[in-house]
Amino acid sequence: MDINDPLTAGIGDLADIDEPDIPEQLPVMAVRDIVVFNYMIIPLFVGRTASVEAVQDALTKDKLLLLVTQKDSAIDEPAAEDVYRVGMVCMIMRTLKLPDGRLKVLVQAIQKAEIKQFTQTEPFFVADIDVIESPAEVILTVEVEALMRNVREQTEKILSLKGVMSSELLAILNGIEEPGRLADLVVSNLRLKTHESQAVLEIYDPVERLHKVLEFLNKELEVSTMQAKIQSEAKEEMGRSQREYYLREQIQAMRKELGEYDEKSQEIEELQARFKKERLPSIVRKEGEKQLKRLEMMHPDASEASTIRTYLDWLLDVPWRKSTRDLLDLKVAQQVLDEDHYGLEKVKERILEYLAVRKLNKSTKGPILCFVGPPGVGKTSLGKSIARAMGRKFTRFSLGGMRDEAEIRGHRRTYIGAMPGRIIQGLKTVGSNNPIFMLDEIDKVGADYRGDPSSALLEVLDPEQNFEFSDHYLNIPCDLSKVMFVTTANMTDTIPRPLLDRMEVITLSGYTHEEKLEIAKRYLVPRQIKENGIRANQITIDDETLMEIISHYTREAGLRNLEREIGKVCRKVARKVAEGGKGPYVISHRTLSKYLGPPKVVPEADKDNINLPGLATGLAWTEVGGEILYIEVSLLPGKGNLQLTGQLGDVMKESAQAALTVCRSMLKKLKFPEDYFDNKDIHLHVPAGAIPKDGPSAGITMAVALYSAMCGKKVPKDLAMTGEITLRGRVLPIGGLKEKALAALRANIKTVIIPDQNKMDLVEIPEVLRKQIDFMPVSNISQVFSKVFK
């Protein structure tokens, strides 16, 4: 029986209606997981196209259709052989069209029928039917009366076992005097399998059908009796567990009177003492005391007891009101920052500004800084330096590859092994509510079915929201407004816009050769000497040698490879010392190759074949800094086709097309015949073909390379350019100018052509860089040609 709504499907059984004339041909609709019995009133959700059209066809006629049950409910588009032959003729009483296109239909079964043959299968079933007339009124013999009474009694027992028996239901059962109706009413509410219900439906004799229903009732009564027995035993087990709990409590009270050791009581007392000692917010204290009382009432071995103990430990370990005092002496902070990092004036200035504001306004909120730059420029080490300068504690974790939102917000306590998120864990680790909290690799956060960590970070990194940050495990607001968050990224393109909007972006572009030399002398060489176990008087590396390592053994925006090369030199010296050598060992540019091998980087601008017609030097920006980009163009006999090679992206392909169009439009001005390109094929190639390339700043370089190939003039090898071009020849501004300028300097390029609108960006470029490179602003392609081909 359906224990939630007994006899609901059969209530319509008692409502007699005037039976209409049933035609010999009706539309057929297949239903799943249900067998319809006589006089049932049921709602149906109709979604399949064939079913919807069958309903609509019935509505246009006499509102009658035949409902038959599918043999296999998993089939979405049943064929004629997939449905049973016996079903119910139903009248559509009401229809409602749902927003998703489905129909909600209320139907009442009025007569049993059998399909003789299908006359139509598309777009819906239509069949010839034989109406199965109900037999004449059954004579209520003593045997039939006894059978009906037995069915009623079994039904009442089942309903009583399930606790849903009522006087109304009893009146319905006793009010039915026809065996067939009683059988249909009861079987429609039994939890039978589809084929079992269909078997009952196909029994036409009412008394025989009632016998079959009684068999199912007896089986259901056995199952219901066993279910009630199991529930009774479970209640008895719960009562026994409660009695055991009270007995254990009495035993503990006796042990306490005898002065015996009670581990649980001692643990409770320790927790109570900690709650009294700690300075906790009122909401935390209230929740802790509530959970502590629950723990007192539990048996120590209960599974939930360990969960509550762990939760209480976290409440007590989180530094709700523990702060470190900021060092607000700006001169000392400036000295600390200068000791740890060379250059980076913009970052240092921002930190000193925050300290100045903090000194004047104690309640100011912590800034959200985002250091963006290539690998190895010192983004992570800057966080440690800031913490030392401010006298705060430092903690960090990496967001790279993180895909689970629970890593930020924590898991709910209902899960096994639940823990707070990494934010709360970090605060607990440092024991302070105002540390420098570094979130590394914020541009590499992922997302999957477990949630989106970047969405959770929106609350963490918003000063207007993070004073009430909610961790799923603690479920108590935590104030993060005193925390100074510092994030790092290699690029901003992959950071979601709402998240990027919450952060103050500070760009670390990279270092010039002179800056690398100073950093190597001050930090890298002393650190590698110490890490490799040698003394400073056992090795000597002069400035010329360090510059040789920088220019011929590394090419990077940062310092990691430089430190590796210096470490390699120190290790070789350490081996000599370990073998008995006394030193000192002088590393000069003449002996450097003995330690590091031949130079790894030969500046492209120094190669002999660089100065050829059709070759131009461009500048590109990547997430690891600026790079030199060479554009090669060859003109061959042909039909004016343009061939592009070198794994170019869509943007660069469009730039090449634009460059060709500009050169075509200037043929007359450049004194070339109008049909110059008609009998020439153009091959444009960007070397390093295995590396994908794309970006919007190679337009003028491609135009210059094409013009160089056309006129046979060479582009100066110490000249590079960057800028996008329009079809009208205008030069558009670009980004990453400082990174590109550093790349030009590394390649010994002395002149760089830039868009005129980028002149304002020159103030961001260090003065030492502006002195070594001549920046030439241009606004159109004619100016580019005039400056390149003087």
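1. **Ground rules.** Because the model is predicted, local features need pLDDT of at least 70 and side-chain atom pairs count only at pLDDT 80 or more, while totals for chains, interfaces and linings use all residues. Residues are numbered from 1 along each chain as its sequence is written, and side-chain values use heavy atoms, with hydrogens and water left out.

2. **Overall form.** The protein has 25 helices and 24 strands. Both are DSSP runs numbered from the N terminus: helices are H or I with at least four residues, strands are E with at least two. The radius of gyration is 42 Å, well over the 28 Å that the globule rule gives for 790 residues, so the protein is more spread out than a compact globule. That radius is taken over C-alpha atoms, and the rule is 2.2 Å times the number of residues to the power 0.38. The C-alpha trace spans about 120 × 100 × 55 Å along its principal axes.

3. **Burial.** Buried residues make up 48% of the 790. Buried means under 20% relative accessible area (1.4 Å probe, protein chains only).

4. **The sheet.** Five strands form an open sheet in the order β8-β9-β12-β7-β13, with parallel pairing. Two strands pair if DSSP finds at least two bridges between them. β8 (394–398) and β13 (504–507) stand at the edges with a single partner strand each, so one side of each is left without a neighbour in the sheet. β7 (residues 368–372) pairs with β13 over 4 bridges. L369 stands opposite E504 in β13.

5. **Helix α15.** This helix (residues 453–460) is mostly covered, with 6 of its 8 residues buried. The buried ones are P453, S454, A456, L457, E459 and V460. Their cover includes the sheet strands β9 (436–440) and β12 (484–489). Helices α14 (422–430) and α16 (497–501) are also among the covering elements. Contact means heavy atoms within 4.5 Å.

6. **Nonpolar cores.** A nonpolar core is a set of buried Ala, Val, Leu, Ile, Met, Phe, Trp, Tyr and Cys residues joined through side-chain atoms within 4.5 Å. The largest has 51 residues, and F371 and I539 touch the most other members. Helix α17 (residues 513–531) gives this core its largest share, 7 residues. Beyond four places in sequence, I539 is in contact with I529, I534, V569, C570, V573, Y585 and I587. A second, separate core of 48 residues includes I442, L461, Y473 and L500.

How values were computed. Buried means under 20% relative accessible area, exposed over 50%, partly exposed in between (1.4 Å probe, protein chains only).
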